[in-house]
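I am opening a notebook page for this entry.

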Amino acid sequence: MSRLPCWLISAAAVGAAAAPAQPPSSPAPAPDLVLAVGTVHPVSGPSFADGVIVLGGGRILAVGPRGSVPLPDGVPVVALPNGHAYPGLVDACTDVGVPAGGFGEGSAGLEVAPGVDLDAHSCRAMPAGGITTWHVLPAASGRWRGIGALVRAGADGGELFGESARGAVFLRLVGPAGQHPIVRQKELTDLGRPFEEAESYAKAVRRHGEAVAKYEKDFQAWLEAVRKGGNGKARTGGGEGDAAAAQEGGQAAAPAGPKRPTYPKAPPPDPAKTALVQVASGELPLWIEAQRRDEIEAALALVAERRIVNACLVGAQRADTVLDEIARSGVAVVLTPSLVPVELDGEPVADTLAAELQRRGVPFAIASGDGRRARALPLLAAACVAHGLPEEAAVRAITLTPAQLLGIAAETGSLEAGKRADVVVTSAPLLRSDARVLRVLRDGRTIYQGR
Amino acid sequence: MLSLLCAFAACAPQSDPQPPALLISAKTIVVAPDLVLTDGRLLLRGGKVAAVGASVPQEVGPDVHRVDLGDATVVPGLVVAHTCLDAERDLAETVTAYTPELRAVEAYDPYGKGVAEMLAGGVTAFGIAPRSANTLAGLAGAVKTDPRAGSVLRNESYLLAAIVPEALDQQRFPTSRMGALDLVRTAFRTAAGPLAAQTPDREVLRDVLSGALPFVVHARTHDEVARALDLADPARDGVLAGSGARLFLLGAGGAHRAVDRIAALAAGVVIEPLHPGLAPEALALPAALAARKVRLAFSAGSPRELRVSAALAVRHGLPRAAALAAMTAWPAAMLGIDDRCGTLHQGKDADLVVFDGDPVDLGARVIAVCLQGHPVAGDPGLLARD
């Protein structure tokens with residue numbers, strides 16, 4: 001098991017709290033389906049042959065080798081004796097479902113979820129690739145782009161994950177090609193300022209809360225005084241500059257008693273600052289797209305300066321130059337590899353990034369980054385195997401690790417009792433080219449069946 | 001990559017004219033797509049395959065270096081049917097559309113960009129072709145992936161014609177697909193005429209008509225493919241119909257509706273590089289063609305592109321054996337170099353690649369490459385004596 005920072009666990013807990021489909025206190029649901037497959041790859045533990053997965057109420061009730069798991073009576077059994085069962089794949093970063101026009105000007109608080117086209121052809125194609133959950137990053141302009149959306153595959157288009165479907169706050173630091181390093185350096189300074197502004201906003205909100213508490217006390221006191229005064233009329237502020245209070249308090253001013261308090265003015269609602277406050281508290285993950293070395297260093301500096309506990313680098317094509325710094329910083333990485341060689345600023349991008357991160361114990365996910373590649377997610381992982389990544393780590397990078405990075409590992413990402421019944425069964429080990437998707441279940445329902 | 005290049009430089013064949021005799025044993029030896037040995041043996045001597053499987057004598061001389069490759073897979077050196085490498089301008093003749101006698105091998109630089117990468121990725125021979133920058137673009141040749149001069153196997157492997165949009169040019173004839181097809185028809189009719197004078201271009205066209213040279217037409221969309229097939233269709237009075245010409249298609253990605261007609265009229269299809277963003281029908285086309293017994297090969301600019309194409313084709317239904325054939329025996333036959341390359345039958349060149357898995361899976365790595373008996377890439381110590 002690779003080393004995971006402690007925030008991953010807390011993030012998983014947050015995810016569980018955000019989407020509690022099955023409160024732990026409720027009685028265990030009745031089994032309604034048994035999957036019997038040739039090999040089970042739970043990802044959270046070692047693979048085993050001749051496995052059985054018992055599903056019920058949209059959840060996994062039990063997983064294990066045949067014989068070790070009590071088989072319920074009278075429940076339909078789907079037997080795929082040559083099949084390989086994996087957890088439904090999780091594409092950590094893609095643009096599947098994003099309308100062609102994008103989202104316009106972005107901001108840290110821009111929610112992508114309402115803008116995702118769940119009926120898009122690309123969403124309907126996801127189950128055929130074995131993907132049951134994906135994270136849509138905002139295709140907005142600007143540096144702060146918004147809050148990504150968590151989408152679930154369905155038999156007939158996508159569905160939003162949970163109430164808010166909120167993924168990560170997305171910050172993009174990638175400069176245009178050919179930009180002079182000094183110009184870019186200037187662009188990359190002062191990244192912490194929005195957090196400072198968010199902090200003072202949070203203070204203002206807090207102060208407002210305190211002021212409201214005080215107002216309520218004062219108002220009660222004023223009400224008492226008015227009742228005691230008996231004439232039903234209370235003295236208002238009455239001052240020339242206090243027009244609002246004068247309006248609220250009425251025209252007739254009583255000569256004695258406490259002033260009627262005025263309701264404190266609330267700071268205007270600011271979704272962007274609210275999102276950053278949630279990032280600072282670790283409630284929302286912060287994903288930073290950074291490709292070049294200086295961009296990655298700026299991202300790491302921001303994470304360290306603001307002590308962000310739940311941060312992740314996206315892309316990180318030049319991470320090979322700063323591997324040790326990344327390992328020290330405790331951030332995770334979402335790689336978006338390509339099947340063909342890629343160049344950045346005229347220099348080839350190292351193929352060995354995934355293997356190097358694995359060697360240093362940095363948690364990483366492999367994502368498509370691009371809806372057109374999403375269905376080839378297992379091939380993207382397989383290509384990393386050719387450059388030294390162990391096969392199990394490659395499978396983990398498209399299942400459990402992305403679920404952890406997105407804070408939904410209590411719900412999906414591995415075949416474990418209690419998680420949602422997201423299962424993909426393939427005709428051969430997943431990373432092999434001839435692995436056909438035989439069946440995909442999401443929340444226990446079959447949403448795709450291959451030939 | 002750097003280490004591979006260093007290994008390559010260290011073992012450059014010119015330093016050792018006579019390769020050592022090698023007895024290779026491995027879990028899987030793919031002699032040919034239809035002959036796979038399990039726990040087999042292969043004897044290489046004098047740069048050739050001396051014996052395979054049961055024909056390898058039990059006792060070999062003390063001069064033979066024995067290598068046990070364990071669980072590895074040995075396959076014939078990979079062959080790419082069509083590539084232009086990075087020779088963008090050297091392989092593009094744009095001013096006139098009719099240049100059938102041009103030879104792409106004359107623009108081939110064995111020390112150029114991409115050749116070492118080809119070798120490190122296990123490609124030991126490829127067809128170097130003119131770019132599709134004009135209509136009758138010229139002759140593709142076949143070369144060994146070998147930086148030595150004299151690596152050319154054939155000056156003339158096939159004639160390439162292109163009716164894709166990039167072969168048209170608004171500054172000269174033809175500016176349209178109609179013009180391009182007319183140019184092709186007229187060229188063949190003129191060359192076949194009894195009174196035509198013997199010129200180098202007409203000799204090439206006559207070689208095509210006699211079947212001595214394959215004719216490869218670059219056509220991508222359904223329409224382009226349909227018109228290319230018309231050239232060989234007797235029902236459409238095709239200019240090649242009734243002659244011995246062998247028509248191949250290059251591309252054909254949009255032709256999933258023409259699969260039956262391709263099977264009837266074309267001798268084979270060279271698949272253009274596949275990538276995951278293509279339409280599912282385009283990705284499933286190799287499987288559909290193979291199911292109708294159409295022979296396949298790949299066009300690729302790099303070994304990675306070749307393996308990605310094969311992996312995607314297999315993911316969309318192409319059988320593994322057909323994918324491997326499309327990377328070895330079939331392109332070798334199409335290029336006319338199957339007397340030396342494409343399989344590891346006795347007497348063939350000792351060009352082979354050792355993978356740590358099935359080359360059709362992207363997770364499989366090249367661990368050694370052997371060119372005419374010389375270890376040239378991968379782990380330098382693996383196949384070398386001491």
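I began with Phe215(B) and left aside its neighbours within four places in sequence. Phe215(B) is in contact with Tyr158(B), Leu159(B), Ala161(B), Val208(B), Leu240(B), Ala245(B), Arg246(B), Leu247(B) and Phe248(B). I keep in mind that this is a predicted model.

Next I looked up the largest nonpolar core. It holds 268 residues. Val333(A), Phe215(B) and Leu249(B) touch the most other members.

Then I turned to the strands. In chain B, β10 (residues 215-219) and β11 (residues 247-251) pair in the parallel sense over 5 bridges. I checked one bridge: Val216(B) has Phe248(B) in β11(B) as its partner.

In chain B, 8 strands run in the order β6-β7-β8-β9-β10-β11-β12-β13, forming an open sheet with mixed pairing. Its edge strands are β6 (78-83) and β13 (295-298) of chain B, each pairing on one side only. Neighbouring strands of this sheet are turned by 25° against each other on average, direction ignored.

Last, I looked at where the chains meet. How many residues does each chain bring to the contact? Chain B brings 17 residues and chain A brings 17 residues. On the side of chain B that touches chain A, helix α8 (residues 303-315) of chain B gives the most, with 6 residues. I sorted that side of chain B by class: 7 residues are nonpolar, 4 polar and 6 charged.

Conventions:
Residues are numbered from 1 along each chain as its sequence is written. Chains are lettered from A and ligands numbered from 1 in the order in which they are written. This is a predicted model: local features need pLDDT of at least 70, side-chain atom pairs count only at pLDDT 80 or more; totals for chains, interfaces and linings use all residues. Two strands pair if DSSP finds at least two bridges between them. Helices (H or I, at least four residues) and strands (E, at least two) are DSSP runs, numbered from the N terminus. Axes are lines fitted to C-alpha atoms, for helices over the stretch in contact, and angles run from 0 to 180 degrees between N-to-C directions. Two residues are in contact if their C-beta atoms, placed from the backbone, lie within 7 Å. Ala, Val, Leu, Ile, Met, Phe, Trp, Tyr, Cys and Pro count as nonpolar, Asp, Glu, Lys and Arg as charged, and the others, Gly among them, as polar. A nonpolar core is a set of buried Ala, Val, Leu, Ile, Met, Phe, Trp, Tyr and Cys residues joined through C-beta atoms within 7 Å. A residue is buried if 20 or more other C-beta atoms lie within 10 Å of its own, exposed if 12 or fewer, and partly exposed in between; C-beta atoms are placed from the backbone.
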